[in-house]
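Please keep the sequence and the structure in view while reading.

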Amino acid sequence: MADDTPDLTEARFIEVGQPARRIAVRTTPGRSEEGAPGLLWCGGYLSDMRGTKAEELAKWGTAHGRQVVRFDYSGHGESGGDFIDGTISDWAEDAVAVFDRCTHGPQIVVGSSMGGWISLLLARALAARGDKRLAGLVLIAPAPDFTEELMWKAMTPEIRTELVEKGVWYRESEHGSSPITLKLIEDGRRHMVLGEPFAVGCPVRILQGVADDVVPWRHAMKLVTCLAEDDVVATLIKDGDHRLSRPEDIDRLLGAVASL
């Protein structure tokens with residue numbers, strides 16, 4: 001059921017799950033109708049809805065009179081909760097709740113990195129209940145199954161032992177220290193989508209940088225092979241990194257959205 005409460009510039013909040021998680025949502029007012037679907041942004045792991053790509057989508061929505069809904073998963077950005085407590089189950093539930101309560105009419109779901117996985121889980125949930133509002137998926141460096149394929153399998157035996165014994169391992173990077181929990185890894189195994197064909201029932205557009213050092217381009221190609229029944233176009237950007245936030249990358253993103 002759509003939430004008709006007007007939302008102009010400031011975040012509003014909805015409560016999701018039990019116990020309730022306070023999820024921040026921003027909406028760019030506009031159309032969400034046949035021939036002009038609205039947009040739902042699903043961000044990446046440790047990202048938020050104020051990033052470059054999400055902001056550019058909101059600007060595009062304003063310019064074209066299209067509704068754009070953005071949100072932060074629990075433990076991210078302006079939403080409540082602690083990041084260390086989050087799981088794929090929680091974040092997928094956040095996305096479904098925002099879709100149900102904050103959008104109306106047909107929707108293009110735009111998912112970046114982990115958001116690509118969340119978008120696929122959202123599509124699966126909608127298909128399971130016969131919801132036909134999904135007009136397309138635009139996936140940017142999609143990272144389905146990343147907790148297993150890009151985290152667990154990349155860990156040394158020593159790191160795996162620490163994770164199992166302590167329940168958490170802190171990964172150091174140029175952006176600081178971030179926790180990876182055993183709960184996240186184990187929960188991710190419940191939601192894996194790669195390995196056998198499945199259908200999302202709508203056009204899918206994938207943008208992937210070949211120079212991506214976070215999600216290898218071959219990982220995105222695994223997803224293409226799994227979507228054998230759908231209209232899928234994958235664009236490999238030879239010099240593109242993981243963020244794909246350069247002006248030329250934004251142009252490709254907006255072009256993919258406009259084509260659906």
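## Arginine 21 and its surroundings

Leaving aside residues up to four places away in sequence, arginine 21 touches Ile14, Glu15, Val16, Ser74, Asp90, Glu93 and Asp94. Arginine 21 belongs to strand E2. Its relative accessibility is 14%, so arginine 21 counts as buried.

The loop between strand E1 (12-16) and strand E2 (21-28) holds proline 19. The peptide bond that joins glutamine 18 and proline 19 is cis, with omega at about -5°.

## Confidence in the model

How confident is the predictor in this chain? The mean pLDDT of the chain is 94, and 96% of the residues reach 70 or more. Over residues 1-8, however, the pLDDT is below 50. Beyond near neighbours in sequence, this stretch has 17 contacts in the model. Where pLDDT is low, the predicted coordinates should not be read in detail.

## Aromatic pairs

A search of the whole structure finds seven aromatic pairs. The rings of tyrosine 45 and phenylalanine 146 form an edge-to-face pair, because their planes stand at 65°, and their centres are 5.4 Å apart. Tyrosine 45 lies in the loop between strand E3 (38-42) and helix H1 (52-64), whereas phenylalanine 146 lies in helix H4 (residues 146-151), so this pair ties together parts that are 101 residues apart in sequence. Tyrosine 45 and phenylalanine 146 are both buried.

Phenylalanine 146 also pairs with tryptophan 117: the ring centres are 5.6 Å apart and the planes are at 85°, so this pair is edge-to-face. Tryptophan 117 lies in helix H3 (residues 114-128) and phenylalanine 146 in helix H4, so the pair ties together parts that are 29 residues apart in sequence. Tryptophan 117 is buried, as is phenylalanine 146. Which residues do ring pairs link into a cluster? The cluster consists of Tyr45, Phe71, Tyr73, Phe83, Trp91, Trp117 and Phe146.

## The cavity

The count of cavities of 30 Å³ or more comes to one. The volume of the largest cavity is about 30 Å³. Its lining is made up of Trp41, Gly43, Gly44, Ser47, Asp48, Met49, Phe71, Asp72, Tyr73 and His76. Sorted by class, the lining of the largest cavity has four nonpolar, four polar and two charged residues.

## Positive phi angles

Leucine 46 has a phi near 65°, which is a positive value in a residue other than glycine. Leucine 46 is placed in the loop between E3 and H1. With 47% relative accessibility, leucine 46 counts as partly exposed.

Alanine 141 has a phi near 45°, again a positive value in a residue other than glycine. Alanine 141 is found in the loop between strand E6 (134-140) and H4. Is alanine 141 buried or exposed? Its relative accessibility is 1%, and therefore alanine 141 counts as buried, the cut-off being under 20%.

## Glutamate 148 in helix H4

Helix H4 contains glutamate 148. This residue has a relative accessible area of 11%, so glutamate 148 is buried. Which residues does glutamate 148 touch, not counting residues up to four places away in sequence? Glutamate 148 touches Lys153, Ile185, Arg189 and Met192.

## Distances along the chain and in space

Cysteine 102 is located in helix H2 (residues 88-102). Its relative accessible area is 2%, so cysteine 102 is buried. Cysteine 102 and aspartate 230 are 128 residues apart in sequence, and their C-alpha atoms are 27 Å apart in space.

Glutamate 229 lies in the loop between helix H7 (217-226) and strand E10 (232-237). At 67% relative accessibility, glutamate 229 counts as exposed, because the cut-off for this class is over 50%. Glutamate 229 and alanine 199 are 30 residues apart along the chain, and their C-alpha atoms are separated by 5.9 Å.

How values were computed
Residues are numbered from 1 along each chain as its sequence is written. This is a predicted model: local features need pLDDT of at least 70, side-chain atom pairs count only at pLDDT 80 or more; totals for chains, interfaces and linings use all residues. Side-chain values use heavy atoms; hydrogens and water are left out. On a 1 Å grid over the protein atoms alone, a cavity is a set of points where a 1.4 Å probe fits but cannot get out, and a pocket is an open set with protein on both sides within 12 Å along at least five of seven lines; lining residues have an atom within 4 Å of a point. Grid points are joined across faces, edges and corners, and a volume is the space filled by probe spheres set on the points. Ala, Val, Leu, Ile, Met, Phe, Trp, Tyr, Cys and Pro count as nonpolar, Asp, Glu, Lys and Arg as charged, and the others, Gly among them, as polar. pLDDT is the predictor's confidence in each residue, from 0 to 100. Contact means heavy atoms within 4.5 Å. Rings of Phe, Tyr and Trp (its six-membered ring) pair if their centres lie within 6.5 Å; planes under 30 degrees apart count as stacked, over 60 as edge-to-face and the rest as tilted. Helices (H or I, at least four residues) and strands (E, at least two) are DSSP runs, numbered from the N terminus. Buried means under 20% relative accessible area, exposed over 50%, partly exposed in between (1.4 Å probe, protein chains only).
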